[in-house]
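Welcome to this guided tour! Open your viewer, get your selection tool ready, and follow along one stop at a time.

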Amino acid sequence: MNLLEHEGKALLAKYGISIPKGKLITPRTKGSPIATPAVIKSQVPVGDRGRKGGITVIHKKAEFAQAASRIWDTAIDGHIPQHLLVEEAITSTSERYISLSYDTTTRAPTLAINAKGGSGTAKASLIQLNIFIGLPDFLAREALVAAGLTPSFPLISTLQNLWQLFVSEKAILAEINPLFELKDGSFVAGDAKVVLDDHVVAPEARPYVQLGGDIAILASGGGASMINLDALMKAGGKPANYVEYSGNPKSDVVRILTRQVLSQPNLKGCWVVGGTANFTDIYETLLGFVEGLRSVKPRPTYPIVIRRDGPRQREAFAMLEKVAKEEGFNFHLYGPETPMSESATTIVKLAYQQK
Amino acid sequence: MSILVDKHTVALIQGITGHEGSRAASEMLHYNTPVIAGVTPGKGGQKTEHGIPVYNSVEEALRRHPTINASLIAVPPRFAADAAMEAIWNSIPLVNILTEKIPVADVSRIIALGRQQGVQVIGPSSVGIISPTQAKIGAIGASELVNRVFKKGSVGVISKSGGMTAEISRIITEAGLGQSTAIGIGGDVLLGTTFLDCARLFEKDKQTKAIVIFGEVGGSYEEELADAIAAKEITKPVIALIAGDFSHSLPQGTVLGHAGAIVSQGKGSAKSKIRSLKKAGALIATTPENIPVLLKKVL
């Protein structure tokens, strides 16, 4: 989960890192809530907001209304702000970049430092950390020296505070860019980008992405779902959504998901697809699908292509054939003898032939 | 031969009294892989339905059963990192983590401790490992279909996806070939064992003549393997199927079916993985069914 700037800054403050004085405002707020000069910042989960028109500096209170209204009306990469952050403008002597994240090449936490902060920081100096050792003074000094910086006490403690946030919150990314250095040698976080781990904050969440097409998809398996979306697009199909269920879900989970997926407008077909399941009970999951299907209004008449293999697949297909016969659903059933990619071609043909 | 698991594998299951753990126990026993002890803290002294003794700690289980050389971690996400570290701390040489949704920070600790203790950690979110006719660990290949899907042969299979491990193995088997070992390495952000780690083991394994990988958008594990192929560290033929190209137009940072499948532009995208593997000399499969066609060219 990507935190907004003000949420990230609240975490920084909790771990002892200075942030500018500021107020969060809603569209109802009239007049600048703080003294000028001030910075007005759009609270959207997007990087590079400055260049994209999401940040403005005002020098007089009179400039507030016009500047704020422009930012309220600016959608950045499709995101419209719900809040703006109005902060005191910081006078700094220099700007740095610091971040903590996990690197998949070293499979360890990584500290990145760039002596030059600001937008578009790319070439940072990277230090691999050991999660059990953390960031003791000597390592912080080493990292700062490697990045060409003087290892001052305030800078070392800023790094260590960020490390505390990173490990205690089980964050995936904790980034400050720019980190302002003030005349007195202290540091203030100009921005905060914190990504929390979905496994910590939303363990029940299921990836669901709307793709705007007309073929509804219920895909099983994290990997199979992706390879099947690729196959559908290659076959000329327009997917309505991406969703994935796996790990032997209960029929109820599939029922609710089916209802959600088939409630999308303007569908021309539905594709239920998965590879050879190791342990997912195919009967149970397809029973959930049928229960979900029955609850969709209006009743789907478009073709439904089902390709599945795994434990109890034959029983499941016998059940589906009976349901199709008795309730008149337009099922097309395929087992392991039909490749998944072939069933992609089938749903595309059936869905787009109808009209 | 084969890699990681074989007829000498003797398993412990941590979380054996839970739903996932007890199912894995019956499935492994059915495949003639000895599961001689289980651990569930607080349930020491009990016996499972298969008569397997349950202990309160890994240390105790090892003391009573010193032949244990592999542990399956099948405990809920909140307790999984601790259970895995307990197995690693006690130097069980192979630790296979079935549990999904373990926080990245916890996985990082598991990996760091595994390195320190010289323990091979497979997973998290690993469906398991099977060396056909010899042994299996984890939830791979339910007994109803295991002999239809997996057959002894010369192809090493490494997959980020559990379902695709089985799907690809079945396609290989139906084409008249078979597997030396098939491994679900899991699709998390951080992996205990990567494509390259497995490929290095397959490179040394006499039974393995070719390697098939199933990769996905996100991370750098496929690129890492490509670099090793280019450097001639991996010389056996590699066939790769890479998923997630459809996601290139989605917002950066979108997470798809697996935690590690993070949409990214440039490095980490499906296109960039395919490009670097191809350049290194790997063969790129366009569909799962294309895999045996390519295999027959190189075997």
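In which loop of chain B does K232(B) lie? Select K232(B) and look to either side: this residue sits in the loop between helix 8 (221-230) and strand 12 (238-243) of chain B. Before we go on, please remember that you are looking at a predicted model.

**Stop 1: two residues with positive phi**

Stay with K232(B) for a moment. Its phi is positive, about 65 degrees, although K232(B) is not a glycine. K232(B) has 9 C-beta neighbours inside 10 Å, so it counts as exposed.

Now select L4(B), in the segment before strand 1 of chain B. L4(B) is also a residue other than glycine with a positive phi, here near 65 degrees. Is L4(B) buried or exposed? With 22 C-beta neighbours inside 10 Å, L4(B) counts as buried.

**Stop 2: the sheet of chain B**

Next, show chain B as a cartoon and find its open sheet of six strands, which are paired in parallel. Reading across the sheet, the strand order is 3-2-1-4-5-6. Strand 3 (54-55) and strand 6 (120-122) of chain B stand at the edges with a single partner strand each, so one side of each has no neighbour in the sheet.

Zoom in on strand 1 (residues 11-14) and strand 2 (residues 35-39) of chain B, which run parallel and are joined by four bridges. To see one pair, select A11(B) together with V35(B), its bridge partner in strand 2 of chain B. Strands of a sheet pair through backbone hydrogen bonds, in either the parallel or the antiparallel sense.

The peptide bond between G123(B) and P124(B) is cis, with omega about 10 degrees.

**Stop 3: helix pairs in chain B**

Two packed helices are described by the angle between their axes and the distance between those axes. Select helix 3 (residues 77-89) and helix 4 (residues 104-117) of chain B: their axes come within 9 Å and cross at roughly 5 degrees. These two helices of chain B are therefore roughly parallel to each other. Show side chains where they meet, including A81(B), A84(B) and M85(B) on helix 3 and D106(B), R109(B) and I110(B) on helix 4 of chain B.

For another pair, pick helix 6 (residues 162-174) and helix 10 (residues 290-298) of chain B, whose axes come within 9 Å and cross at roughly 55 degrees. That angle makes helix 6 of chain B oblique to helix 10 of chain B. The crossing is right-handed. Here I168(B), I171(B) and I172(B) of helix 6 meet I291(B), P292(B) and L295(B) of helix 10 of chain B.

One more selection in chain B: S272(B), found in helix 9 (residues 270-280). S272(B) has 19 C-beta neighbours inside 10 Å, so it counts as partly exposed.

**Stop 4: chain A as a whole**

Switch to chain A, which has ten helices and 16 strands. Its C-alpha atoms fill a box of roughly 80 × 50 × 30 Å along the principal axes. The radius of gyration of chain A is 26 Å, while a compact globule of 355 residues would have one near 20 Å. Buried residues make up 45% of the chain.

**Stop 5: strand 2 of chain A**

Start at P37(A), in the loop between strand 1 (22-25) and strand 2 of chain A. The peptide bond from T36(A) to P37(A) is cis, with omega near 0 degrees.

Then select strand 2 (residues 38-42) of chain A. Why is this strand largely enclosed by the rest of the structure? Five of its five residues are buried, so the strand is largely enclosed. A38(A), I40(A) and S42(A) point one way, while V39(A) and K41(A) point the other way.

Strand 2 of chain A runs antiparallel to strand 4 (residues 84-88) of chain A, with five bridges between them; there, V39(A) has E87(A) as its bridge partner. Strand 2 also pairs in the antiparallel sense with strand 3 (residues 55-58) of chain A, over four bridges. In that pairing, K41(A) is partnered by I55(A).

How values were computed:
Residues are numbered from 1 along each chain as its sequence is written. Chains are lettered from A and ligands numbered from 1 in the order in which they are written. This is a predicted model: local features need pLDDT of at least 70, side-chain atom pairs count only at pLDDT 80 or more; totals for chains, interfaces and linings use all residues. A residue is buried if 20 or more other C-beta atoms lie within 10 Å of its own, exposed if 12 or fewer, and partly exposed in between; C-beta atoms are placed from the backbone. Two strands pair if DSSP finds at least two bridges between them. The radius of gyration is taken over C-alpha atoms; the globule rule is 2.2 Å times the number of residues to the power 0.38. Axes are lines fitted to C-alpha atoms, for helices over the stretch in contact, and angles run from 0 to 180 degrees between N-to-C directions. Angles under 35 degrees count as roughly parallel, over 145 as roughly antiparallel, 65 to 115 as roughly perpendicular and the rest as oblique. A crossing is left-handed if the near helix is turned anticlockwise from the far one by less than a right angle, and right-handed if clockwise. Two residues are in contact if their C-beta atoms, placed from the backbone, lie within 7 Å.
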